[in-house]
Amino acid sequence: MKEILCAALLGMTTMANAQQEKELKLWYRQPAGSRWENALPVGNGRLGAMVYGNVELENIQLNEHTLWSGSPNRNDYPEMLTALPEARRLIFEGKQAEAQKFLEQSVKFSRSSGQIFEPLGSLRLAFDGQENFTDYRRELDICRGVATTTYVVDGVRYTREVLASLPDRVVVVRLTASRPGALSFRTYYTTPEKGALRTVDGTGELVIGGTTQDHETVKGMVKYEGITRVRAEGGRVSTTDTSLVVSGAQAATIYISIATNFIDYHTLGGDPHVRAEGYLVKAWPKGFEAIRKAHEAAFRRYFDRVELDLGSSANDSLPTDERLKNFRSVNDPSFVTLYYQYGRYLLISSSQPGGQPANLQGIWNDRLFPPWDSKYTLNINAEMNYWPAEKTNLAEMHEPFLQLVRELSVTGQQTARVMYGARGWMAHHNTDIWRSTGPVDGVFWGIWSDGGAWTSQHLWEHYLYNGDKTYLASVFPVMKGAAMFYVDDLVEDPRNHWRVINPGTSPENAPKAHGGSSLDAGTTMDNQMVFDIFSTVARAADVLHRHDAFIDTLLMLRDKLPPMHIGRHGQLQEWLEDVDDPNDHHRHISHLYGLFPSNQISPYRTPELYAAARNTLMQRGDVSTGWSMGWKVNWWARMLDGNHAYRLIQTQLSPLGVNPEGGGTYTNLFDAHPPFQIDGNFGCTSGITELFMQSADGALFLLPALPDAWPSGSIRGLRARGGFEVADLEWKDGRLVKAVIVSKLGGNLRLRAPNALVLSGGVLKAASGVNPNPFYQTEATPAAVVSPEAKLAAPELKPTMLYDIETRAGSTYTFLAK
């Protein structure tokens, strides 16, 4: 009987996996042509490739994660320290525009505004006589991390497969023809890089090499080399000065290896040739099948952890571009599944342990001068890239960003000292591979000083999910340093004696009342950031038994921060003054950081602030840039309004150009700001997760914001704070029917559910009091200051059930609908 049951379960699992693989493909009936945003991405965290699938002249555009302009440098402005007192005086006197002009004249941001993530170039494959092709299909299998192109010419079926091997650190291209001797092509490099050398060396390897460009007074010193080898089967390989030529083969395998001399953010000196040749030598003896199997096993180790099933429809069989075009007007739930898992795919492909973090474009860029240099924008975009990491079971992908924070905590000490006269460390709103922490892009944008506080929250979040005290001890000095900066930088507001950041900003926005200046004292986002970093450092100190006088200072200063304010329009104020414009539709709504990713605003603990946050969201509107809509999906999930979140998903999953206000999605499902920014993909994947599960507000909340569009479905493998894993979550007709939760750390599980549950093999008790699980501790949010003109509607919350279950580490708990 046990054997029959096991066989049945195995069969069900195999069928489920097969169904997921069938659905989780991007595919098209035509090549990408000349448009980069039509090409399909593969990556292994070190190398990225965009595969066009063009028949006559294939283009495989290539990136390497350390191929950046410039060299180790700093961009601090010591003059800021001298200018601070006058700037602060002007701002406190309400002369924000004068303060901004004064700083622009006193501190000229003429040094580097950050360096550029550059492309290596492209490997081209030229096929003669293939202009007349039929039965064309190109696809990206996001379960396996393999891009495939197939077509027929003169009765011969040609197949190309491209992957970026996780274990072997090379890009591999496999080409086959159904008829012996029918495969012939020429391959060569093209590049926008200036001064790059392209040649075929004495061993028959195709080589490209050079040094990256100078940029904004910083000398380019990153040396790079790309090496390509080809193995033909049933034919021969010949060479020209700059190309490899395959003739009369039935199959060929192309191996591409790329490396630079980059060692770390302050050290160059590696040998790009030795490195690239080393990866190639290790991969070369392996056949394509061996490389593919090893790659798929490594890739699926991450990808298969989460499965989502929202149902199917007749639209499942359509090409991806047609599904995108139709999505707003048809029922296509599995397209959301595809888009959700694509976000996870992109994170696995662009962010691997030991590599650089995913930047504004992940690891894919074809331009020598990409938008915003394809850097790391710390006032939202870089953090958004990693919102899905912990909860969608990709914690290892978080590691490159956590390492970036550690490195910023070193470089940011000098910035804090010379620009602000402060201890600790800080970062402004941009950084790059050299971990620059000075301001960029001018005073209006660059003077924001919360990069250290926000990025440090990721260090704490990683601990909240894994409970590893050894890890927490290793990052505690980084978190403490971020808090220490504010101990010295906060100043007293003479009007009300709160402690505030001055000058501060609410990123990239400015009220009309301030004369077009972004500068102010005590902006809501600044206050929320300082509240969080003080709170998390104090909590970490308690966990590590390091509560000392410094922690007492943090808690004392935290009590002196301005509380959040609710203005006359019923809005959460963005600034301490009630100067918000209800017709302002700016893409940044930074003062809602307290709603998400923070938990300072809660439907259950802070109903007035919750209502004000909702009003702000309604006033700002839905349609915006792609990443902004991604953030809004998360906000509406925290608003417990799944239907509104779903409307935003529909808007985001619209072809670029459909939304007059901007934003949408490219044909290859890249997020469109426009231009392409990958944070929108990651933000939306995070927001969809928040519709199914939340664990930031004192309980593990199942189905907190399920849209009516998905009445039945399931998701498996999500992670929650406190070491809980939602191994299975199933719902039917909008009702939770089953939840299986694994407790990795033990402790109290406070479970919030939309309907009554029973515990299989046990008894459920209603929750009472404060959740004793320390991972679910929430800080008391100070009472808001409310304008007497504000009209706030009390939130109408759906009834939920709240249970407490004492769990044991390693045990599994099954809950069923009552």
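These notebook entries record what I looked up in the predicted model shown above.

**Entry 1. Conventions.** I number residues from 1 along each chain as its sequence is written, and I leave hydrogens and water out of side-chain values, which use heavy atoms. Since the model is predicted, local features need pLDDT of at least 70 and side-chain atom pairs count only at pLDDT 80 or more, while totals for chains, interfaces and linings use all residues. I take helices (H or I, at least four residues) and strands (E, at least two) as DSSP runs, numbered from the N terminus.

**Entry 2. The sheet.** I looked up the strand order and found an open sheet of nine strands, β1-β6-β7-β8-β9-β16-β13-β12-β11, with antiparallel pairing. Two strands pair if DSSP finds at least two bridges between them. Strands of a sheet pair through backbone hydrogen bonds, either parallel or antiparallel. At the edges I noted β1 (25-28) and β11 (197-200), each of which pairs on one side only. From one strand to the next, the twist averages 15 degrees. I then followed β11 to β12 (residues 206-211): the two pair in the antiparallel sense over four bridges. Within β12, Leu206 is the bridge partner of Val200.

**Entry 3. A helix across the sheet.** Which strands does helix α5 lie across? Helix α5 (residues 288-303) lies across β7 (146-153), β8 (156-164), β9 (171-177) and β16 (251-260). The helix runs at about 50 degrees to β8; axes are lines fitted to C-alpha atoms, for helices over the stretch in contact, and angles run from 0 to 180 degrees between N-to-C directions.

I next looked up His295, which lies in helix α5. His295 is buried, with a relative accessible area of 1%. Buried means under 20% relative accessible area, exposed over 50%, and partly exposed in between (1.4 Å probe, protein chains only). Leaving aside neighbours within four places in sequence, His295 is in contact (heavy atoms within 4.5 Å) with residues including Arg144, Val146, Leu163 and Pro167.

**Entry 4. Salt bridges.** Side chains of opposite charge can pair when their charged atoms come close. I counted a salt bridge where a side-chain nitrogen of Lys or Arg is within 4 Å of a carboxyl oxygen of Asp or Glu. The count comes to 43 salt bridges.

- Arg160 and Glu58 form one, with the closest N and O atoms 3.3 Å apart. Arg160 lies in strand β8 and Glu58 in strand β4 (residues 57-64), so the pair ties together parts that are 102 residues apart in sequence. Both Arg160 and Glu58 are buried.
- Arg292 and Glu289 meet at 2.4 Å, N to O. They are three residues apart in helix α5, and are therefore separated by about one helical turn. Arg292 is buried at 14% relative accessible area, whereas Glu289 is partly exposed at 41%.
- Asp141, Arg144, Glu289, Arg292 and Glu296 are linked in a network of salt bridges.

**Entry 5. The largest pocket.** I looked up the largest pocket and noted a volume of about 730 Å³. A pocket is an open set of points on a 1 Å grid over the protein atoms alone, where a 1.4 Å probe fits, with protein on both sides within 12 Å along at least five of seven lines; lining residues have an atom within 4 Å of a point. Grid points are joined across faces, edges and corners, and a volume is the space filled by probe spheres set on the points. Of the 32 lining residues, the closest to the centre are Met639, Leu640, Asp641, Glu796 and Lys798. Helix α16 gives the most to the lining, with four residues.
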